[in-house]
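Reader: I have a protein model open and I'd like to learn how to read it. Could you walk me through some of its features?

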Amino acid sequence: MSNRSTWKCRISGEPLFPVLDFGLQPLGNGFLLPEQFDKEYFFHMQVGFDPESKMFQLLEQPNPEQMFHENYAFFSGTSRFMAAHFEEFANRVKSSGCLKTDPFVVELGCNDGILLRHFAKEGMHHLGVEPSRNVATVANEQGVSTISEFFTAELAEQIVKEHGQADAFLAANVMCHIPTIRNVVKGIKTLLKPTGVVQFEDPYLGDVLRKTSYDQLYDEHVFLFSALSIQYLFALEDLELIDLQPQGTHGGSMRYVLAHQGAYPQQPSVAAILSEEKAQGLDRLETFQAFAQQVARSKTELQELLSDLKRQGKKIAGYGATSKSTTILNYCGIGPDVVDYISDTTPIKQGKYSPGTHIPVQPYEHFQQDRPDYAVLFAWNHQQEILAKELGYTQSGGQWIVHVPQVQILK
Ligand code: SAH
Ligand code: TMP
């Protein structure tokens with residue numbers, strides 16, 4: 001697939017080059033009950049690249065309202081490591097010097113308040129914008145002022161009228177979810193004080209390519225960003241990168257720090273990472289075509305490993321009913337005949353079935369009692385935290401299967 005398509009880049013408007021085809025995929029977080037199986041929603045998940053904006057993106061995406069609503073299944077607070085990460089993020093913002101007198105902090109996609117609560121508890125003026133009403137309610141209950149809306153340029157104007165401009169505009173794992181991101185960046189420009197700073201982080205394209213972590217592609221992740229694509233996007237509104245801070249979270253993320261043009265000096269990290277990205281080929285179509293071949297290889301290896309274990313009569317369970325696993329399960333055709341169940345600590349997912357392939361999701365206690373021969377670590381991005389917690393399972397002979405950075409049984 002190297003021909004231009006009729007699909008247009010959401011940033012530059014140029015035709016996209018399709019590089020990956022995952023076939024029909026359901027909603028990544030669309031855990032469901034048997035009575036919903038026959039009306040389950042699917043879309044054709046393909047991914048393309050635009051050499052002009054350097055943006056890697058889904059061709060087609062379900063409507064945001066189908067994904068973010070009053071029954072949103074992802075609660076940020078389920079990972080202790082992420083809670084510690086966000087406390088550290090808040091401390092860095094506080095010590096960075098961007099918060100002036102009586103500062104105002106805005107966060108996009110604040111979910112249950114995992115980051116913003118560190119500003120709220122000090123009585124700092126803050127506002128969370130979170131369209132999924134169930135998680136926004138949890139944030140409000142925790143003392144984090146949150147409105148349940150999608151962030152747009154129009155909403156930014158309203159926020160400025162009611163609260164004034166912001167010293168810090170924060171976001172984590174949400175900017176890459178928003179198809180209308182040009183409008184969001186316009187809103188950020190309106191909302192940000194002349195001395196204000198934007199800091200947001202998302203799974204990093206450079207890591208996805210290095211680790212073949214193609215499961216970072218699912219309905220919600222309409223984009224996978226690089227510093228090159230972020231530089232292009234924000235320059236459209238005269239905002240510029242002033243720092244880049246690689247993060248270990250979610251299997252490799254990047255924190256992008258931006259401000260109004262000329263407001264702050266640019267840290268050396270910006271030039272260094274932009275040049276690394278060019279060396280990695282993140283600006284070239286051929287790089288993504290080679291990635292597509294790695295993805296196909298990874299799929300075959302996982303299918304072969306699991307079939308082999310099933311032939312030996314082994315019992316296999318999944319660990320972590322992640323939205324990422326929806327891509328793996330549907331693309332590799334893995335159903336309940338191979339993976340008996342998936343263990344997950346999130347109450348809203350338990351008792352339901354995985355999107356598309358309908359594997360039962362069981363509470364964590366079930367996994368503790370069952371101790372299957374093999375556990376596929378679908379939450380591989382929390383590997384350190386999970387393996388530390390599951391020493392007992394491992395020591396009693398339980399084995400772990402991961403597909404990142406390559407398909408293997410962990411030694
Ligand atoms: N920041 C949290 C949550 C990430 S999940 C964390 O890193 O753990 C993404 C969140 O963004 C969801 O809670 C979703 O409801 C929210 N979201 C999606 N589109 C949004 C938009 N246009 N504006 C604001 N929030 C949005
Ligand atoms: P994430 O990869 O999108 O952060 O989702 C992680 C999922 O894994 C979430 O549904 C919670 C679940 N989980 C567990 O079941 N046990 C754990 O120890 C951790 C860290 C996550």
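Reader: Where is proline 405 placed?
Author: Proline 405 sits in the loop between β16 and β17; strands here are DSSP runs (E, at least two residues), helices are runs too (H or I, at least four), and both are numbered from the N terminus. This is a predicted model, where local features need pLDDT of at least 70, side-chain atom pairs count only at pLDDT 80 or more, and totals for chains, interfaces and linings use all residues. Residues are numbered from 1 along each chain as its sequence is written, chains are lettered from A and ligands numbered from 1 in the order in which they are written, and side-chain values use heavy atoms, with hydrogens and water left out.

Reader: What should I look for in the backbone there?
Author: Most residues other than glycine have a negative phi, and most peptide bonds are trans. In this model, the bond joining valine 404 and proline 405 is cis, with omega about 0 degrees. For phi, look at aspartate 102, where the value is positive, near 45 degrees. Aspartate 102 belongs to the loop between α2 (80–95) and β4 (104–108).

Reader: In what order do the 6 strands of the open sheet run?
Author: Two strands pair if DSSP finds at least two bridges between them. Here the order is β14-β13-β12-β15-β16-β17, with mixed pairing. At the edges are β14 (361–363) and β17 (408–409), each pairing on one side only. Helix α10 (residues 285–311) packs on this sheet and touches β12, β15 (374–377), β16 (399–402) and β17; contact means heavy atoms within 4.5 Å. The direction of α10 makes about 155 degrees with that of β16. Axes are lines fitted to C-alpha atoms, for helices over the stretch in contact, and angles run from 0 to 180 degrees between N-to-C directions. Inside the sheet, β12 (residues 316–319) and β13 (residues 342–344) run parallel, joined by 2 bridges. Tyrosine 319 has serine 343 in β13 as its bridge partner.

Reader: Which strands make up the open sheet of 4?
Author: That one goes β1-β2-β3-β9, and its pairing is antiparallel. Its edge strands are β1 (17–25) and β9 (223–224). Between β3 (residues 55–58) and β9 there are 2 bridges, and phenylalanine 56 has leucine 224 in β9 as its bridge partner. Helix α10 turns up again, lying across β1, β2 (43–50) and β3 at about 30 degrees to β1.

Reader: How do I describe two helices that pack together?
Author: Two packed helices are described by the angle between their axes and the distance between the axes. Take α10 and α11 (residues 323–332): the angle is about 75 degrees and the axes are 10 Å apart. They are therefore roughly perpendicular to each other (angles under 35 degrees count as roughly parallel, over 145 as roughly antiparallel, 65 to 115 as roughly perpendicular and the rest as oblique). In this contact, Val295, Ala296, Lys299, Leu302 and Gln303 in α10 meet Ile328, Tyr331 and Cys332 in α11.

Reader: At what angle do the axes of α8 and α9 cross?
Author: Helix α8 (residues 227–235) and helix α9 (residues 268–280) cross at roughly 120 degrees, their axes coming within 9 Å. That pair is therefore oblique. Ala227, Leu228 and Gln231 in α8 meet a group in α9 that includes Ile273 and Leu274.
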